[in-house]
Amino acid sequence: MTTEAAPPPGSAGTPPARPGPTAEEFGTVQQSAEFAELRRSYRSFAFPLTVAFIAWYLLYVLLSNYAGGFMGTKLFGNINVALVLGLGQFATTFLIAWLYSRHAAAKLDPKASAIKARMEGGK
């Protein structure tokens with residue numbers, strides 16, 4: 001029985017793989033305008049949503065501790081404000097994850113892939 005798989009890198013008959021980028025190359029990329037734009041794009045999305053979600057979570061915790069009457073207000077049947085806001089925490093978590101995955105696919109991944117390709121290509 002034979003296999004058609006290529007031999008592992010560095011074995012007989014194949015040239016050794018290029019060593020990884022040097023510290024100087026990483027430093028150069030980190031100082032580049034393209035990397036700064038990638039970092040700005042990430043931060044302009046992640047930081048505001050993180051602050052908003054933490055504020056929303058802390059509001060829920062504070063209301064639960066100090067506004068028991070309000071949180072216990074029945075909306076319909078056995079469903080009260082606390083339950084609706086608690087489920088809203090889960091909903092916003094999934095919404096933020098979905099929004100981030102769209103943002104990353106559209107704006108972050110192409111920039112990161114271009115930087116990675118240049119780093120791996122040694123250019």
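Leucine 58 is placed in helix H2, where helices (H or I, at least four residues) and strands (E, at least two) are DSSP runs numbered from the N terminus. At 45% relative accessibility, leucine 58 counts as partly exposed; buried means under 20% relative accessible area, exposed over 50%, and partly exposed in between (1.4 Å probe, protein chains only). This is a predicted model, in which local features need pLDDT of at least 70 and side-chain atom pairs count only at pLDDT 80 or more, while totals for chains, interfaces and linings use all residues. Residues are numbered from 1 along each chain as its sequence is written, and side-chain values use heavy atoms, with hydrogens and water left out.

**Helix H2**

- Helix H2 (residues 33-66) has 34 residues and should span 50 Å at 1.5 Å a residue, which agrees with the 48 Å between its end C-alpha atoms; the expected span is 1.5 Å times one less than the number of residues.
- At arginine 43, H2 bends by about 25 degrees, the bend being the angle between axes fitted to the seven residues ending there and the seven starting there.
- Leu38, Ser41, Phe45 and Ala46 are buried in H2, and H4 is included in what covers the buried residues of this helix.

**Nonpolar surface patch**

- Leu58 belongs to a nonpolar surface patch with Ile54, Tyr57, Leu62 and Tyr66, and together these residues have about 570 Å² of accessible area.
- Patches are made of residues with over 30% relative accessible area and no salt bridge, with like charges joined within 9 Å and nonpolar side chains (Val, Leu, Ile, Met, Phe, Trp, Tyr) within 5 Å.
- A salt bridge is a side-chain nitrogen of Lys or Arg within 4 Å of a carboxyl oxygen of Asp or Glu.
- Accessible areas come from the Shrake-Rupley method with a 1.4 Å probe, and for residues only the protein chains shown count as cover.

- Serine 41, in helix H2, counts as buried at 3% relative accessibility.
- Not counting residues up to four places away in sequence, serine 41 touches His103, Lys107, Leu108 and Lys111, a contact being heavy atoms within 4.5 Å.
- Glutamine 89 lies in helix H4 (residues 81-121) and is buried, with a relative accessible area of 8%.
- Neighbours within four places in sequence aside, glutamine 89 is in contact with Phe53, Trp56, Tyr57 and Tyr60.

**Chain as a whole**

- Four helices and two strands make up the elements of the chain, in the order α-α-α-β-β-α from the N terminus.
- Of the 123 residues in the chain, 13% are buried.
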